[in-house]
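I am opening a notebook on a structure that is new to me.

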Amino acid sequence: MQAWQVHENGEPSEVMRLAEVERPTPADGQVLLRVRAANVNFPDALLCRGQYQVRPPLPFTPGVEICGETEDGRRVIANPALPHGGFAEYALADARALLPAPDSLDDAEAAALHVGYQTGWFALHRRARLEAGETLLVHAAAGGVGSAAVQLGKAAGATVIGVVGGAEKAAVARELGCDVVVDRRAEDVVAAVKEATGGRGADVIYDSVGGAAYAQSAKLVAFEGRIVVVGFASGTIPSPALNHALVKNYSILGLHWGLYNSKNPKLVLRCHEQLTELAARGAIKPLVSERVSLEGAAAAVQRVADGVTTGRIAVLPRKGAVA
């Protein structure tokens, strides 16, 4: 079969190589899946760089989120078991963690439903306890993780403010349903959000960026507000001033969604049931901005790493699937 492999750490476009390899053999508790679609995530770039919290042995195949097909023909969503990731014709996955792919979504959309939407659901509902009528601010609102949070916030009845970088991403954020869109390249984010909220700020802030975005979050969080930290796409990990959290009366919440797979897997299944129901009634729909062939995977991961994409890019291994 064909699979992308990383033999040394570095930038995705430089270290990912497409090769002919043996089909992987499942270990106990694993299943072999034919990859129908693999979604590109920022962690794929971190894996290539050797900067992710999980470091599979070299060589490995990246691709942490797929829609696959079991040997008996079931269409499922899975997180592949590294080092046999999803940017390949076949991948391995934990049999106990397979989730049914929603009938309302095609393969590319189903592949994009898992990590970003589970992260958003756990962040907004499990950690921040977002309530209808509250204001949610989403950094990088046009990206894969941010677009999911925007849709989930709207589905929960929140007023959603999206912060983006550039006019093209601003247009995407508006199409996603943001009530207010702030272009950080053309506007003062703090001033714009304070104006939009009458000086109150946001009840919940969803931050997958870190760095300067977190500094803005601390200035914009409302009384008894919650900042949910889900990642550091900027590459800069902030050091929060806890005295500021004390005097302003807000909470800083961390979310490592992957831990729930081992700490409380029943919650992951419950979340998937909620997401499936939301997708069935059209309240959420993954934004798949590009669908590329297997040969285009390395370039796609690099574009995600460079922060120039909107929504999700899906890799479709089957010949002719792009058309």
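**Ground rules.** I take contact to mean heavy atoms within 4.5 Å. This is a predicted model, where local features need pLDDT of at least 70 and side-chain atom pairs count only at pLDDT 80 or more, while totals for chains, interfaces and linings use all residues. Residues are numbered from 1 along each chain as its sequence is written, and side-chain values use heavy atoms, with hydrogens and water left out.

**Entry 1: the cores.** I looked up L136 first. Setting aside neighbours within four places in sequence, I found L136 in contact with L124, L130, A149, G153, A158, T159, V160, I161, V204 and Y206. Next I asked for the nonpolar cores. I use "nonpolar core" for a set of buried Ala, Val, Leu, Ile, Met, Phe, Trp, Tyr and Cys residues joined through side-chain atoms within 4.5 Å. Buried means under 20% relative accessible area, exposed means over 50%, and partly exposed lies in between (1.4 Å probe, protein chains only). Which residues have the most contacts inside the largest nonpolar core? They are F122 and L136, in a core of 54 residues. I also noted a second, separate core of 30 residues, which includes V6, A45, V304 and A305.

**Entry 2: α4 against α5.** My helices (H or I, at least four residues) and strands (E, at least two) are DSSP runs, numbered from the N terminus. Axes are lines fitted to C-alpha atoms, for helices over the stretch in contact, and angles run from 0 to 180 degrees between N-to-C directions. I looked up helix α4 (residues 115-127) and helix α5 (residues 144-155). Their axes come within 8 Å and cross at roughly 50°. The two helices are therefore oblique to each other. For that word, angles under 35 degrees count as roughly parallel, over 145 as roughly antiparallel, 65 to 115 as roughly perpendicular, and the rest as oblique. The crossing of α4 and α5 is right-handed. A crossing is right-handed if the near helix is turned clockwise from the far one by less than a right angle, and left-handed if anticlockwise.

Which residues meet here? From α4 I listed G116, Y117, G120, W121 and L124; from α5, A148, A149, Q151, L152 and G153. By class, this contact has six nonpolar, four polar and no charged residues. Ala, Val, Leu, Ile, Met, Phe, Trp, Tyr, Cys and Pro count as nonpolar, Asp, Glu, Lys and Arg as charged, and the others, Gly among them, as polar.

**Entry 3: α7 against α8.** Helix α7 (residues 189-196) and helix α8 (residues 212-220) have axes that come within 10 Å and cross at roughly 30°. This crossing is right-handed too. V189, V190, V193 and K194 of α7 meet Q216, K219 and L220 of α8. The contact holds four nonpolar, one polar and two charged residues.

**Entry 4: L176.** I found L176 in helix α6 (residues 167-176). Is L176 buried or exposed? L176 counts as buried, because its relative accessibility is 14%. Leaving out neighbours within four places in sequence, L176 touches A141, A142, S147, V150, Q151 and L287. L176 and G162 are 14 residues apart along the chain, and their C-alpha atoms are 9.6 Å apart.

**Entry 5: α12.** Helix α12 (residues 297-306) is mostly covered, with seven of its 10 residues buried. I wrote them down: A297, A298, A300, V301, Q302, V304 and A305. They pack against β1 (2-6), α1 (12-15), β2 (16-20), α2 (42-49), β14 (288-293) and β15 (312-316). Just after α12, G307 takes a positive phi of about 70°.

**Entry 6: backbone spots.** Where are the cis peptide bonds I noted? One joins L58 and P59, with omega about -10°. P59 sits in the loop between α2 and β4 (66-69). Another runs from L82 to P83, with omega near 20°. P83 is in the loop between β5 (75-78) and β6 (90-94).

E224 has phi near 60° and lies in strand β12 (residues 221-229). N249 has phi of about 65° and lies in the loop between α9 (242-248) and β13 (251-254). N249 counts as partly exposed, because its relative accessibility is 38%.
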